[in-house]
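Subject: Structure handover and notes

Hello,

Please find the sequence and the structure below. My notes come after them.

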Amino acid sequence: SSRVWARVSLLPKVLAMAQHKNYLYRMTTLFSIAALATAVGSEVVTAQMLPTVLSLSSDPVPNVRFNVAKTLSALIPLIDKASIESKVKPVLAKMLEDVDSDVQYFSQQALELC
């Protein structure tokens, strides 16, 4: 099925880009995760995608950080409440104190969806 193909073939490549030194690859990881999330389902989102997204919340590039918040907004409906409380909310709360105003704004938007 396409769900298995996305999880087995595509997802590892997408997640690997999160470690790339070029920030555009890291942003592509976030855009791809948001696009693939509904195709792979809640379990894969929570177990495999969410840790990668959260790890990028402290990226040195503000555009990556605010796209973390935007990606979390897309993922929140697919993540179980316990993970939202224990993993997502604490990261977004920290991002509210970011030096970049766009990061603050999109983090607030995401928190309102929790």
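Predicted model: local features only at pLDDT ≥ 70, side-chain atom pairs only at ≥ 80, totals over all residues.

Residues are numbered from 1 along each chain as its sequence is written, and side-chain values use heavy atoms, with hydrogens and water left out.

Aromatic residues

A pair of aromatic rings is described by the distance of the centres and the angle of the planes. Rings of Phe, Tyr and Trp (its six-membered ring) are paired here if their centres lie within 6.5 Å; planes under 30 degrees apart are called stacked, over 60 edge-to-face, and the rest tilted. The count by this rule is two aromatic pairs. One of them is Phe-66 with Phe-106, which is stacked, at 5.3 Å centre to centre and 25 degrees between the planes. Phe-66 lies in helix H4 (residues 62-75) and Phe-106 in helix H6 (residues 101-111), so this pair ties together parts that are 40 residues apart in sequence. Helices here are DSSP runs (H or I, at least four residues), numbered from the N terminus.

Tyr-105 and Phe-106 form an edge-to-face pair, with 5.0 Å between the centres and 80 degrees between the planes. For accessibility, buried means under 20% relative accessible area, exposed over 50%, and partly exposed in between (1.4 Å probe, protein chains only). Phe-66 counts as buried at 13%, and Tyr-105 as partly exposed at 46%.

Lys-70 also lies over the face of Phe-106, 4.8 Å from the ring centre. The rule for this is NZ of Lys or CZ of Arg within 6 Å of the ring centre and within 35 degrees of the ring normal.

Nonpolar core

In soluble globular proteins, nonpolar side chains tend to be buried together. A nonpolar core is taken as a set of buried Ala, Val, Leu, Ile, Met, Phe, Trp, Tyr and Cys residues joined through side-chain atoms within 4.5 Å. The largest such core has 35 residues, of which Val-45, Met-49, Leu-72 and Leu-92 touch the most other members. Two or more residues of this core come from each of helix H1 (2-16), helix H2 (23-40), helix H3 (42-55), H4, helix H5 (81-95) and H6.

Contact below means heavy atoms within 4.5 Å. Apart from neighbours within four places in sequence, Leu-92 is in contact with Ala-69, Leu-72, Ser-107, Ala-110, Leu-111 and Cys-114.

Helix H6

Which residues of H6 are buried? They are Val-103, Ser-107, Ala-110 and Leu-111. Seen down the axis of H6, they fall within an arc of 95 degrees (taken from the directions from the axis to the C-beta atoms), so they line one face of the helix. These buried residues pack against H4 and H5. At the start of H6, a side-chain oxygen of Asp-100 comes to within 2.9 Å of the backbone nitrogen of Asp-102.

Single residues

Ser-83, in helix H5, is buried at 8% relative accessibility.

Among the contacts of Arg-26 are Met-17, His-20, Leu-56, Asp-59 and Val-64.

Thr-29 is in helix H2 too, and its relative accessible area is 0%, which makes it buried. Thr-29 is in contact with Val-14, Met-17, Ala-18 and Thr-52.

Met-17 sits in the loop between H1 and H2 and is partly exposed at 22%. Met-17 touches Tyr-25, Arg-26, Thr-28 and Thr-29.

Cys-114 is in the segment after H6 and is partly exposed, at 22%. Cys-114 touches Ile-76, Lys-81, Ile-84, Val-88, Lys-89 and Leu-92. The C-alpha atoms of Cys-114 and His-20, 94 residues apart along the chain, are separated by 29 Å.

Regards

Conventions:
Polar contact = N/O pair within 3.5 Å; in protein donor to acceptor, adjacent residues only side chain to side chain.
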